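Please consider the model shown below.

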Amino acid sequence: MEFQFRQKVLFKHCDPAGIVFYPRYFEIINDCVEAFFDEVLGWPFETLLKDGGVPTVQISTEFKAPNRHGDWLVLELHVAKLGRTSMSLEIAASTEGEARFEVKQTLVCVDKTGKPSVWPEAIRDVLKAKGTEQ
């Protein structure tokens, strides 16, 4: 199961040379994850964050090519693994079919105190229905 997220590279994402300043990619990655939780899992951050959260505990990124102001990024998010309290994601970003960056990220479901919490059954059910391996 893959989720696709599109983002136009805006002025706010770029450095004076007109290319994306790499920390801005992490904001775009988070926007993709937030949209995935809302649109696919039916658990928008504004609801999720009332009782806990899903912080990133690990992220690795390989940058393949730069993006410029006005480019369209297409991020394809894939749930690689769903554990008891963690979720491994893989994200591949491209522009016009050319690879721009790849991400491996692990999120952990936490309660209000910040302690790991089991994923809600509703989330597990959605991911099972979409064919995510556990």
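Reader: On what basis are the values computed, and from which residue number does each chain start?
Author: This is a predicted model, in which local features need pLDDT of at least 70 and side-chain atom pairs count only at pLDDT 80 or more, while totals for chains, interfaces and linings use all residues. Side-chain values use heavy atoms, without hydrogens and water, and along each chain, as its sequence is written, residues are numbered from 1.

Reader: How many aromatic pairs does the structure hold?
Author: Rings of Phe, Tyr and Trp (its six-membered ring) pair if their centres lie within 6.5 Å; planes under 30 degrees apart count as stacked, over 60 as edge-to-face and the rest as tilted. By this criterion, the number of aromatic pairs is 12.

Reader: What is the angle between the planes of Phe-37 and Trp-119?
Author: The two rings form a tilted pair, 6.3 Å centre to centre. Both residues are buried, that is, under 20% relative accessible area with a 1.4 Å probe, protein chains only. The angle between their planes is 35°.

Reader: Which residue lies over the face of Trp-72?
Author: A charge sits over a ring if NZ of Lys or CZ of Arg is within 6 Å of the ring centre and within 35 degrees of the ring normal. Here the distance from the ring centre is 4.6 Å, and the residue is Arg-6.

Reader: Is Phe-21 buried or partly exposed?
Author: Partly exposed residues fall between the buried limit and the exposed one, which is over 50%. Because its relative accessibility is 39%, Phe-21 counts as partly exposed.
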